[in-house]
Amino acid sequence: MKVRLIALDVDGTLTDDTHIRISERNKDALRRCAERGIYIILASGRPMALMRPVAEELGCVRYVISANGGAVWDLKENIRMASREIPPDISEKIVRILLDYPIAAEVYSEGQACVDFNWQLKTYRKQPPAFLELRKRNNRFCEDLYQTIAGKPVEKFNVDNMPEDILEKVLKRLQPMRDQLALQFIKCYDNLEINSVKATKGLALEDLCGRMEIPAEAVMAFGDSDNDVSMLSYAGVSYAMGNGEPAAKEAAKYITSANSEDGIAEAIEKWVL
């Protein structure tokens, strides 16, 4: 079956190791696919505020899955067309737990990352400084993070540079809510992600494809990390990046070159173009 839709993770997959640059070869391959009527979908753990510039640079993206499936956006209509959020009663409990520790907690709500003035990643070296500065510019700083999100559903909680001892304490305190949450710890970034149990890239992509009447067999997906596993498992044609985590490589049907070696373009040129 011909590929009708291509779903792409962003960091570690579409972008190079700066988390900002997209190679000309990757952009050319994706635009050529769009010219053939193939839908190009971005699917990332990022909030929408950090997805829009990527979509605009490519110029051929209409639909975006953000916050690991916490929300799905239609850029043409400029609307959030679907959401799988953590309900307010649970999100308030989570933010109170996170605020008990000296960590850089982010709350993704309404497409933005909300942080308080304890958000500091100055000594963090697992992401490039330019990308951290980009994140800082797009953050919504709040005097009181709890009051800011009180009564609101949350797309995702995100904590980078999470110390192991604090991680253990947080996970223990989240245990009573565990059946309602999807928890992922991405070791390469010391990154804890907390979503609704219903929020995964795979479920969001499946729902979007259902609306568009595109079968899984006609979907091509690329990813590099644990939060891409559900999407890679769903797609009929799935590629893990050469730089990917073991879980992504196990879930994917194929392996392509690393993100810094135009792995997306390499696979598309071979399979589609």
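Predicted model: local features only at pLDDT ≥ 70, side-chain atom pairs only at ≥ 80, totals over all residues.
Residues are numbered from 1 along each chain as its sequence is written, and side-chain values use heavy atoms, with hydrogens and water left out.

**The two sheets**

- Strands of a sheet pair through backbone hydrogen bonds, in either a parallel or an antiparallel way.
- Strand 12 (residues 219–223) lies parallel to its partner, strand 13 (residues 237–240), with four bridges between them; Met220 has Val237 in strand 13 as its bridge partner.
- Another open sheet has six strands in the order 8-7-6-9-11-10, again with mixed pairing.
- At its edges stand strand 8 (140–141) and strand 10 (181–186), each with a single partner strand, so one side of each has no neighbour in the sheet.
- Strand 10 pairs with strand 11 (residues 191–196) in the antiparallel sense over six bridges, and Gln184 stands opposite Glu193 in strand 11.

**Salt bridges**

- A salt bridge here is a side-chain nitrogen of Lys or Arg within 4 Å of a carboxyl oxygen of Asp or Glu, and the count by this rule is 19.
- One of them joins Glu269 and Arg25, at 2.7 Å from N to O. Glu269 lies in helix 11 (residues 263–271) and Arg25 in helix 2 (residues 24–35), so the pair ties together parts that are 244 residues apart in sequence.
- How exposed are these two? With buried meaning under 20% relative accessible area, exposed over 50%, and partly exposed in between (1.4 Å probe, protein chains only), Glu269 is partly exposed at 30%, and Arg25 is partly exposed at 35%.
- Arg32 and Asp28 form a salt bridge with their closest N and O atoms 3.7 Å apart. Both sit in helix 2, four residues apart, which is about one turn of the helix.
- Arg173 and Asp100 also form a salt bridge, at 3.0 Å between the closest N and O atoms. This pair links distant parts of the chain, 73 residues apart: Arg173 is in helix 7 (residues 164–174), and Asp100 is in the loop between helix 4 (88–98) and strand 6 (104–109).
- Salt bridges with shared partners join Asp9, Lys201 and Asp228 into one network.

**The largest pocket**

- A pocket is an open set of points on a 1 Å grid over the protein atoms alone, where a 1.4 Å probe fits, with protein on both sides within 12 Å along at least five of seven lines; lining residues have an atom within 4 Å of a point.
- The largest pocket holds about 230 Å³ of space, a volume being the space filled by probe spheres set on the points, with grid points joined across faces, edges and corners.
- Of its 13 lining residues, Trp119, Gln120, Leu121, Lys122 and Lys136 are the closest to the centre.
- Helix 5 (residues 129–138) gives the largest share of the lining, four residues.

Notes:
Helix = DSSP H or I, 4+ residues; strand = E, 2+ residues; numbered from the N terminus. Pairing = 2+ DSSP bridges.
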